[in-house]
Amino acid sequence: MADMKYLSVEEFTSLTASDAPAPGGGSVSALAASLGAALAEMVANLTIGKEKYADVDAEMRCLAQQAAALRGELIDAIQKDTESFNGYMAALKMPKETDEQKAVRREAMQKGLKEAALVPLEVAKTTVKIFPIAQAVVQKGNSNAVTDGLVAAMLARSATLGALLNVKINLGSIKDETFVADCSAQVKQLEQQAITLEKQVLDCCELTDTIFE
């Protein structure tokens with residue numbers, strides 16, 4: 001299959017809706033995160049070059065570059081997440097007639113599960129970097145695009161939590177206790193970050209005053 005980042009929106013959503021096991025929640029979370037980064041980047045670009053925002057022009061140019069880099073990483077993660085899951089599925093199909101084959105298969109399955117956990121964990125780590133950019137463009141960027149900055153933060157939160165759900169479901173089948181404990185601690189921290197940072201961004205705008213009532 002070609003890299004999913006080259007699919008049209010209709011092709012991607014149709015493939016997601018099909019009975020194929022991937023793309024699933026992990027890839028969709030990466031896509032949502034890339035859209036969040038794109039929206040933050042857009043607000044910065046809509047601010048650059050405007051006389052009214054001359055005092056933040058340099059900052060917005062820097063933020064636009066940062067958001068573009070995150071967007072690129074997250075788009076690539078769409079395919080990486082699917083490939084990591086496919087690696088585990090391939091391990092499941094390995095022969096298991098002999099004790100030796102069973103041992104090799106178990107090891108391959110555990111390796112596949114770890115990879116399937118690490119990819120969305122990295123997606124979450126990348127996604128939380130969107131929040132400070134979103135907050136900056138909401139507070140200082142083109143006021144006509146403030147809602148786009150807010151949506152960027154909301155997408156980032158959903159994408160982070162969605163990616164972390166995929167981490168947790170894979171951790172449930174991994175036997176390496178040290179690996180599980182380390183990833184679980186990171187998951188907990190990232191979940192709290194996403195919730196807290198999204199609220200900080202939304203609190204910057206009176207349009208969102210009723211969201212947390």
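The crossing of helix 3 and helix 5 is left-handed. This is a predicted model. The protein holds 7 helices and 0 strands.

**Helix 3 against helix 5**

- Two packed helices are described by the angle between their axes and by the distance between those axes.
- Here helix 3 covers residues 57–92 and helix 5 covers residues 130–140. They pack at an angle of about 145°. Their axes lie 10 Å apart.
- From helix 3, the contact draws on E59, M60, L63, Q66, A67, L70 and L74. From helix 5, it draws on I130, I133, A136, V137 and K140.
- By class, the residues of this contact split into 9 nonpolar, 1 polar and 2 charged.

**The chain as a whole**

- Read from the N terminus, the order of elements is α-α-α-α-α-α-α.
- The C-alpha trace spans about 75 × 35 × 30 Å along its principal axes.
- The protein has 213 residues, and 42% of them count as buried.
- Take the contacts between residues at least 6 apart in sequence: 74% of these join residues at least 24 apart.
- The protein exposes about 11,400 Å². Carbon and sulfur atoms supply 54% of that area.

**Q79 in helix 3**

- Q79 sits in helix 3, the helix that also packs with helix 5.
- Q79 has a relative accessible area of 10%. The cut-off for buried is under 20%, so Q79 counts as buried at 10%.
- Leaving aside residues up to four places away in sequence, Q79 touches A2, D3 and M4.

**Q186 in helix 7**

- Q186 belongs to helix 7, which runs over residues 177–202.
- The side chains of Q186 and D182 are joined by a polar contact of 3.0 Å.
- With residues up to four places away in sequence not counted, Q186 touches L121 and K125.

**A cis peptide bond at P23**

- A22 and P23 are joined by a cis peptide bond. Its omega is about 5°.
- P23 lies in the loop between helix 1 (9–17) and helix 2 (25–47).

Notes
Residues numbered from 1 in each chain as written. Predicted model: local features only at pLDDT ≥ 70, side-chain atom pairs only at ≥ 80, totals over all residues. Heavy atoms only, no water. Axes fitted to C-alpha atoms, helices over the stretch in contact; angles between N-to-C directions. Helix = DSSP H or I, 4+ residues; strand = E, 2+ residues; numbered from the N terminus. Left-handed = near helix turned anticlockwise from the far one by under 90°. Contact = heavy atoms within 4.5 Å. Nonpolar A, V, L, I, M, F, W, Y, C, P; charged D, E, K, R; others polar. Buried < 20%, exposed > 50% of the residue type's maximum accessible area, 1.4 Å probe, protein only. Areas by Shrake-Rupley, 256 points an atom, 1.4 Å probe, with all protein chains shown as cover. Polar contact = N/O pair within 3.5 Å; in protein donor to acceptor, adjacent residues only side chain to side chain.
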